[in-house]
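User: I'd like to go through this one and see what backs up each label. Can you take my questions one at a time?

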Amino acid sequence: MNALLNEALTANEAASVTRVPLKQVHRIIDAGLLAGRVETRKGSRVIIGSGLIGLRLAYLMAETLTPKARKRIVGEAILTNSTKPVNEDALTVTIAPIATEVEAGLEQLEKAKASVTIDPDVMGGAPCISGTRVLVHDIGDFVANGDSTDAILGAYPQLSANIIELAAVYALAYPRRGRPTGKPARQKEAPTKSRTLRLEDLPSAS
């Protein structure tokens, strides 16, 4: 638990670490369930310390407790900075396993960041998997779209299953910057022919 106390994560980072969908992260914050553990820094909301445990806890209890009971349990868990069980009527909520999950998520995020290189001279400074010119967000997109690890490895044999997993973690925590580029003028009209490009259709990277 002590390792969590100095953490301050953006909503995207928190979604990656706690495995709570980003939309639910914002809903839980907006509902006031993480009161005292959310701040605004540089225009972005960050979740602090034990608020990460509260976030995971609130998500897990969404379908099992009333909003009032959920707010009380989450509030007690994050304000005491403790992993002791929290009691609600006949229900006992164990906090320690949730804290362990969040700490594991933080460790995974650190590994993901360590596996990425940002070099202005490589791919225009876009985040790449270290030692390659493979864009991290491309791999993250494949994972998000449901492509299997085997299919991705077929297209990028220089990667590993672990690196693919870390790339997905990084892409979730740090989305692409900027807006999608617009189509060139000659592409504004609907094409007369089109086809679906599958991952397995891509040439193998050298």
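This is a predicted model: local features need pLDDT of at least 70, side-chain atom pairs count only at pLDDT 80 or more; totals for chains, interfaces and linings use all residues.

User: Why is Arg19 called exposed?

Analyst: Its relative accessibility is 52%. Exposed means over 50%, so Arg19 gets that label.

User: How many salt bridges does the structure hold?

Analyst: Eight. Glu39 with Arg41 is one of them, with the closest N and O atoms 3.0 Å apart. Glu39 has a relative accessible area of 37% and Arg41 has 41% relative accessibility.

User: What makes Glu107 and Lys111 a salt bridge?

Analyst: Their closest N and O atoms are 3.7 Å apart, and the limit is within 4 Å, so the pair passes. Both residues lie in helix H5, four residues apart, about one turn of the helix. For Glu107 the relative accessible area is 47%, which counts as partly exposed; Lys111, at 44% relative accessibility, also counts as partly exposed.

User: Which residues do salt bridges with shared partners join into one network?

Analyst: Arg19, Arg56 and Glu101.

User: Back to Lys111: how far is it from Ala167 in sequence and in space?

Analyst: Lys111 and Ala167 are 56 residues apart in sequence, and their C-alpha atoms are 9.8 Å apart in space.

User: On to the sheet. In what order do the strands come, and how do they pair?

Analyst: Three strands form an open sheet in the order E1-E3-E2, with antiparallel pairing.

User: Why are strand E1 (8-10) and strand E2 (38-41) called edge strands?

Analyst: Each of them pairs on one side only. As for the twist, it averages 40 degrees from one strand to the next.

User: How do you know that E1 pairs with strand E3 (residues 44-48)?

Analyst: Three bridges join E1 to E3. Pairing needs at least two, so E1 and E3 count as paired. The two strands run antiparallel, and Ala8 stands opposite Ile48 in E3.

User: Which strands does H1 touch where it packs on the sheet?

Analyst: H1 touches E1 and E3, and its direction makes about 100 degrees with that of E1. Helix H3 (residues 51-60) also lies across E1 and E3, running at about 95 degrees to E3.

User: What does the protein come to as a whole?

Analyst: Its secondary structure comes to eight helices and seven strands. Of the 206 residues, 37% count as buried. The protein exposes about 12600 Å², and carbon and sulfur atoms supply 51% of that. Among contacts between residues at least 6 apart in sequence, 58% join residues at least 24 apart.

Note on methods. Residues are numbered from 1 along each chain as its sequence is written. Side-chain values use heavy atoms; hydrogens and water are left out. A salt bridge is a side-chain nitrogen of Lys or Arg within 4 Å of a carboxyl oxygen of Asp or Glu. Buried means under 20% relative accessible area, exposed over 50%, partly exposed in between (1.4 Å probe, protein chains only). Axes are lines fitted to C-alpha atoms, for helices over the stretch in contact, and angles run from 0 to 180 degrees between N-to-C directions. Contact means heavy atoms within 4.5 Å. Accessible areas come from the Shrake-Rupley method with a 1.4 Å probe; for residues, only the protein chains shown count as cover.
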